[in-house]
Amino acid sequence: MRKAKFLQLLLPALLIIAIAGTPFRLRAQTSESVASERSGTSPGINIEIQRGDTSLLSKLISNFQSARDPFSIFMPRHQLPEIDSSVDSSKDSIILDISTASIKRKRRRGRVFVNTEMESPRQFAYQEPFSMLDFNRVDGFFLGFGSSSMVDFGKHDELGVNLGGGYGFENKRWQYFLGSEYRIPLAKESALPLNEPNMKYRFYIPPTLAIGAEFHNQTSTDDSWRAKRGENALYAFFAREDFRDYYKLAGWSGYLALRPMRNAEFRAEWRSDHYESVEQDVFYGRWGGNKRLPVNPQISDGQLNSLVLTWHEEHVKHATALTTNVFGDSVQIEQISGTSSILQAEFGHMPNVDFGFNRYLLDGRDFRPIFIGLAWDTRFRFQATTGDVTYQKAEFLGGPSSLPALMNKEVAGNRLMLLNTELRLSMSELFTFIHSRELQLIVMNDFGYVGSTIESSIFKGFEGLTFNTILYNVGVAIGEVNSGQIGVSWRTDRKENPRFIFRFERPF
């Protein structure tokens, strides 16, 4: 009966996902220097996809079917398809915009378009994206409608609106959110130089000021950086593991955001939220024998008001290049490069609150190819909470995306430092029978420290940090560039059997 009920919920959601489509934007640049970085290739183009539509992309580039967000590929110039009769492929710089929305915009006089919200963020400074389908230990099966991504209105996308709602079938509770923002460009078209005179069309994205607000009443968590919503739902449903702690978050927020460039933002935000513990209504998944889902902890209930200052920047690109492996065979290698970072300070010593606290967060991620087929990825995370350290504002180490050889949230405190490193080597570089451009051998080294102190300085609480007190995990896995991995991880502070790792998503 329960399985039939689940299918009744799942099939409509999958149908909605299947018919939902978004246009994509393409930026193509021909450059002699691009080819010089790839020995053995001719001059070519670098193509960056901002939003993916596989059907349209396949018409454009028949021999590259991937469409990620963002995604870039390298092609020899002689393979450049005839996208538009106005394009001269002999030029060194060509930028094209062939999105469905842009076709309409070409007919408009105005060519100044504002910076909208982040595209494909890897990190979330407040609430994670809304989901149409979920399963966890407090909501049970959750079915929703709507999206956290804003729908843009106006001649220059100056207005954005998002909304969503859903129902948890185990706790029998409705959840909802509604948000909107108005965007103001801070530069005019005449003040922006035209650097590509051979282009037929040019759409400016000037620095933008956004004013917005959101109302919400949802099941929330601070653990989205450990496991994303969809991945965690699969853990809970199939393996009876839930790595996220939940609470009810009801309130509103208002913000002023400066976006100096695409995918970069400084935000000053006022948050007024009531935190409330939620009962665990699901104790068993649908597989896993007699294993019980872990207990959802109680939090400190109460009203929290805070001023939050956040700098958020996302500049991560996907690229596919042609190279030769150690046997001299021509292979395609996929890699990512760039950075993703959040710097945040939350000041919670405010009037009419039940708890007074300050919380500081730094999460910086760097994805750096050493050469084609070998990459060095790192993530450094720092967290510190001062004042009243409620459970929902405490710091924890252990589990996925943290120290994988430890149990989930095994170590707790109010000061945290974490360094994750991954050395990724393409498998097609080593074996002639492996033709996957994404499959990689991954060597992991993870370092962490948690301390506790009553001091108000965020630099206090690390007095016990020594070489012997650093928790160190080492591991090895086989995974893909953009998705999960299978492997093992060992802890080195004491003798224990290695812990098995099975991920649907990248750890960071």
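Visitor: What makes up the lining of the second largest pocket, and which residues lie nearest its centre?

Guide: In this predicted model, the second largest pocket is lined by 34 residues, and E241, F243, G399, P400 and R499 are the ones that lie nearest its centre. The space in this pocket comes to about 620 Å³.

Visitor: Which element gives the largest share of that lining?

Guide: Strand β21 does, with five residues, while the elements that each supply at least two residues are α5 (229-239), β17 (415-426), β18 (439-451) and β21 (499-503). Sorted by class, the lining of the second largest pocket holds 17 nonpolar, seven polar and ten charged residues.

Visitor: Why is L258 called partly exposed?

Guide: The relative accessibility of L258 is 35%, and since the term covers values between the limits of 20% for buried and 50% for exposed, L258 therefore counts as partly exposed. L258 is placed in strand β9, and it is also one of the residues of a nonpolar surface patch of about 980 Å², whose members include V151, F153, L256 and F266. Two or more residues of this patch come from each of β5 (140-153), β7 (173-185), β9 (247-261) and β11 (302-324).

Visitor: How do you know whether L133 is buried or partly exposed?

Guide: Buried would require a relative accessible area under 20%, whereas L133 has 27%, so L133 counts as partly exposed. L133 belongs to strand β4 (residues 133-136), and its C-alpha atom is separated by 8.8 Å from that of F145, twelve residues apart along the chain.

Notes:
Residues are numbered from 1 along each chain as its sequence is written. This is a predicted model: local features need pLDDT of at least 70, side-chain atom pairs count only at pLDDT 80 or more; totals for chains, interfaces and linings use all residues. Side-chain values use heavy atoms; hydrogens and water are left out. On a 1 Å grid over the protein atoms alone, a cavity is a set of points where a 1.4 Å probe fits but cannot get out, and a pocket is an open set with protein on both sides within 12 Å along at least five of seven lines; lining residues have an atom within 4 Å of a point. Grid points are joined across faces, edges and corners, and a volume is the space filled by probe spheres set on the points. Helices (H or I, at least four residues) and strands (E, at least two) are DSSP runs, numbered from the N terminus. Ala, Val, Leu, Ile, Met, Phe, Trp, Tyr, Cys and Pro count as nonpolar, Asp, Glu, Lys and Arg as charged, and the others, Gly among them, as polar. Patches are made of residues with over 30% relative accessible area and no salt bridge: like charges are joined within 9 Å, nonpolar side chains (Val, Leu, Ile, Met, Phe, Trp, Tyr) within 5 Å. Accessible areas come from the Shrake-Rupley method with a 1.4 Å probe; for residues, only the protein chains shown count as cover. A salt bridge is a side-chain nitrogen of Lys or Arg within 4 Å of a carboxyl oxygen of Asp or Glu. Buried means under 20% relative accessible area, exposed over 50%, partly exposed in between (1.4 Å probe, protein chains only).
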